[in-house]
Amino acid sequence: MSDTLTDLPAIAALRARLADLPGPALLAAGAIGAGHGHDETGNLECLPALVLRPSCTEEVSRMLAACHDLDLKVVVQGGRTGLSNGATPRAGEVALSLDRMTRLDPVDPVSGSIVAEAGVSLQRVQEAAEAAGLSFGVDIGARGTATVGGICATNAGGLNVIRHGMTRAHVISLEVVLADGRVMGHTRSLAKDNSGPDLKQLFIGSEGILGVITRVCLALRPAPGPAATFFGSAPGIAAARALLARLRRDAPAALLAFEIIDRPLFDRITTAGHVSPIAPGAVQVLVELEEGADPDHLGAVLMEAIEAGELEDATLAASGSQRAALWALREACAEAVFSLTAPVGFDIGLPTAAMEAFLHDARTGLEAALPGIGIYVFGHLGDGNLHYIVDTDQPDTVAQIVFGALAAHGGAISAEHGLGREKAKYLPLVRNAAELDVLRGLKQLLDPRGILNPGRVLP
């Protein structure tokens, strides 16, 4: 990192204003680790001019007030597991890292809730809930590193959305610090509060452009019992959709997950050493149902699906270890994607009825523009979220084609990873002028100097 950035008058003034804070609260040149220069997207890297590491809400307030007064741009960082460069600094930006805000209150068993600071990992929340005989309904692969503040700021989805909803469905209340240092909100476990509009929803999914989430009261659920899990192969996406409809209607218990992996990606998974328990088809499905699913009833439903051509083969997990082995196939998708030469990933949402048309149009457009291109698809079919991966050295061309097809079929350019810096310019494809005006108006109201996560989300 260049010393000229850390020697800017505004940076020097910021350090002077915060000089009385304990040593770990500020990291300057030479002490800033490489991890503060990027997120998991991996294609951009830039160290911040300074790293601010508050230990409490009061310190966040003081730091943001100073940055506001000095007109210093701030990028907010949590676990940095994002895939849209939302937490990757731009030159001259100050990083506000919430990694020291790790207080986790005891579970309140009466209200079924827990209060966590923004830097607490998702896994710690899950473990605390489990120890109290409860559970937390959000789960993602990066659970050990992803933080509460980050999953709220991006409205993370994950594996259980089909049953439990996105992160916003689990947030009872939250505390947020605005760009000028004002603190608003609370972390009370109020299940019912119609005292005016629900302002917390402005900040959930806003990716830190409107305020910095510092503490959250999260709703917990009864601990799940043993799930019924099966892995199957389907002849195509239309058959997989028909199977999903059948299970919603006829399954002996509620669906928890309905995941898919297309054949090209599954072939890479098995080539890497993972063993398929069935003969692969065009699309592999991993399905999980809540406790109480009668095996005989489920077996009968699966046999009907096979007879209807929705499934070609299927295997039911008979033990916890078999269930883990089936899920290992799904979790190997990330490993397979990273093994590609130049993977460009699209985290997209679609009405399930539009999926075949989108997949056809996107592939047709890509193969016309870039013959022989590699395309790989996996994701959460149950909630309409696909991870569409293209192996290419021409990401801009591919993005224009994929997002164009997506917009034509009523899709979302980000289903669960957010917009960050990667997708901000494409937002007008899926938000009309009135929606963009309202979003800009909120940004102007809450962050008039534009210091919070500039260049992210808004085109």
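How many salt bridges are counted between domain 1 and domain 2? The count is zero, a salt bridge being a side-chain nitrogen of Lys or Arg within 4 Å of a carboxyl oxygen of Asp or Glu.

The views below come from a predicted model, in which local features need pLDDT of at least 70, side-chain atom pairs count only at pLDDT 80 or more, and totals for chains, interfaces and linings use all residues. Residues are numbered from 1 along each chain as its sequence is written, and side-chain values use heavy atoms, with hydrogens and water left out.

View 1. The domain assignment, which is automatic or from a database, gives domain 1 (8–97), domain 2 (104–222), domain 3 (227–312) and domain 4 (340–416). The contact (heavy atoms within 4.5 Å) takes 14 residues from domain 1 and 16 residues from domain 2. Taken over C-alpha atoms, the centres of domain 1 and domain 2 are 23 Å apart. Thr57, Leu64 and Thr81 supply 41% of the area that domain 1 buries against domain 2, more than any other three residues.

**View 2. The side of domain 1 that touches domain 2.** Two residue pairs between domain 1 and domain 2 are in polar contact, both at pLDDT 80 or more. A polar contact is a pair of N or O atoms within 3.5 Å; within protein, one must be able to donate a hydrogen and the other to accept it, and residues adjacent in sequence count only if both atoms are side-chain atoms. Helix H3 (residues 57–70) gives the largest share of this side of domain 1, six residues. Helices (H or I, at least four residues) and strands (E, at least two) are DSSP runs, numbered from the N terminus. By type, the residues on this side are six nonpolar, eight polar and no charged. Ala, Val, Leu, Ile, Met, Phe, Trp, Tyr, Cys and Pro count as nonpolar, Asp, Glu, Lys and Arg as charged, and the others, Gly among them, as polar.

**View 3. Asp71 and Glu207, two residues with positive phi.** Asp71 sits in the loop between H3 and strand E3 (74–77), and its phi is near 55 degrees. Glu207, in the loop between helix H7 (200–203) and strand E9 (212–219), has a phi of about 55 degrees. Neither residue is a glycine. Asp71 is partly exposed because its relative accessible area is 41%, whereas Glu207 has 12% and so counts as buried. Buried means under 20% relative accessible area, exposed over 50%, and partly exposed in between (1.4 Å probe, protein chains only).

**View 4. Ser135 in strand E6 (residues 134–135).** Ser135 is buried, at a relative accessible area of 15%. A polar atom of its side chain lies 3.1 Å from the backbone oxygen of Pro222. Beyond four places in sequence, the contacts of Ser135 include Ala129, Leu220 and Arg221.

**View 5. Gly411 in the loop between helix H13 (395–408) and helix H14 (433–446).** Gly411 has 13% relative accessibility and so counts as buried. Apart from residues up to four places away in sequence, Gly411 touches Gly349, Leu350, Leu406 and Val430. Asn385 is 26 residues from Gly411 along the chain, and their C-alpha atoms are 9.7 Å apart.

Key. Buried area is the accessible area (1.4 Å probe) that two parts lose on being put together, summed over both.
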